[in-house]
Amino acid sequence: MKRSRINQIMAEGAETIARHGFSLPPFAWWTPEEFQARATQAAHVIDARCGWDVTDYGAGNWDEMGLFLFTLRNGLLSDLTAGRGMCYAEKLLISRQDQLSPMHTHALKAEDIINRGGATLVIELYGSDDAGGFAEDRGGRVWLDGIAHDYGPGEKLRLKPGESVTLRPGDWHAFWGEGGEVLIGEVSTVNDDETDNIFREPIGRFSTIEEDVAPTHLLVSDYAEKLAR
């Protein structure tokens, strides 16, 4: 993806978030230079990879397969392993109309996916085989606003604003907006986008960036290169 396009998507995402009455934390607005100057102070933000995230899953067609994310807070895997401390995470996501977030599951993360506002959020579900892999012929169980729901293979949930689903490791899912753009909330156990996204197809989690302009704000995928401490 071109950096200029990423800058544009971030600006549009910020407008959507504000329109729905949410406010991003102060570090969201730091310039790359401000982030570099405050890198030691912001060590947890960096290590937990909080902040902006725009991905086309390496496929190069963001409008058809992509996602906007902002990680508001996140613990560390060491917290989760210890079973104490900051064992949770929270994100805001934006899925545009018919924009696919492709089929995937998580080995560790359980998550509540919440329609925070906008159009309908469609979530397509499949279960796992005995080894944890994608199973085209299996369903499973999720919780819709706390109520147990047994789903069949390929079942599509349609969440209206205010509705949510709880997914556990092994629930394979893809999602997209239906009828327009959707602001999505995610509340989960510790989020590790480096190792805990298991895709059905061999695709990447992050985009390859063409630096045609300077970044307005850093992405979480920029931290390792640009924020040496």
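Which backbone nitrogen lies 3.2 Å from a polar atom of the side chain of aspartate 56? In this predicted model, that atom is the backbone nitrogen of glycine 60.

**Aspartate 56**
- Aspartate 56 sits in the loop that links strand S1 (51-55) to strand S2 (67-74).
- Because its relative accessibility is 3%, and buried means under 20%, aspartate 56 counts as buried.
- When neighbours within four places in sequence are set aside, the residues in contact with aspartate 56 are Met1, Asn61, Trp62, Met65, Gly66 and Ser207.
- Between the C-alpha atoms of aspartate 56 and alanine 119, which are 63 residues apart along the chain, the separation is 21 Å.

**Strand S5 and its pairing**
- Strand S5, spanning residues 111-128, is mostly covered, with 15 of its 18 residues buried.
- With strand S11 (residues 172-189), S5 forms an antiparallel pairing of 14 bridges, in which leucine 125 has histidine 173 as its bridge partner.
- S5 is also joined to strand S9 (residues 155-159) by five bridges in an antiparallel arrangement, where leucine 121 is opposite leucine 159.
- Strand S10 (residues 164-167) pairs with S5 through four antiparallel bridges, and here isoleucine 114 faces serine 164.

**The S5–S6 hairpin**
- Two bridges connect S5 with strand S6 (residues 134-135), again antiparallel, and glycine 127 is opposite alanine 135.
- Five residues lie between S5 and S6 in this hairpin, and glycine 132 in the turn has a positive phi of about 90°.

Terms used: Residues numbered from 1 in each chain as written. Predicted model: local features only at pLDDT ≥ 70, side-chain atom pairs only at ≥ 80, totals over all residues. Heavy atoms only, no water. Buried < 20%, exposed > 50% of the residue type's maximum accessible area, 1.4 Å probe, protein only. Contact = heavy atoms within 4.5 Å. Polar contact = N/O pair within 3.5 Å; in protein donor to acceptor, adjacent residues only side chain to side chain. Pairing = 2+ DSSP bridges.
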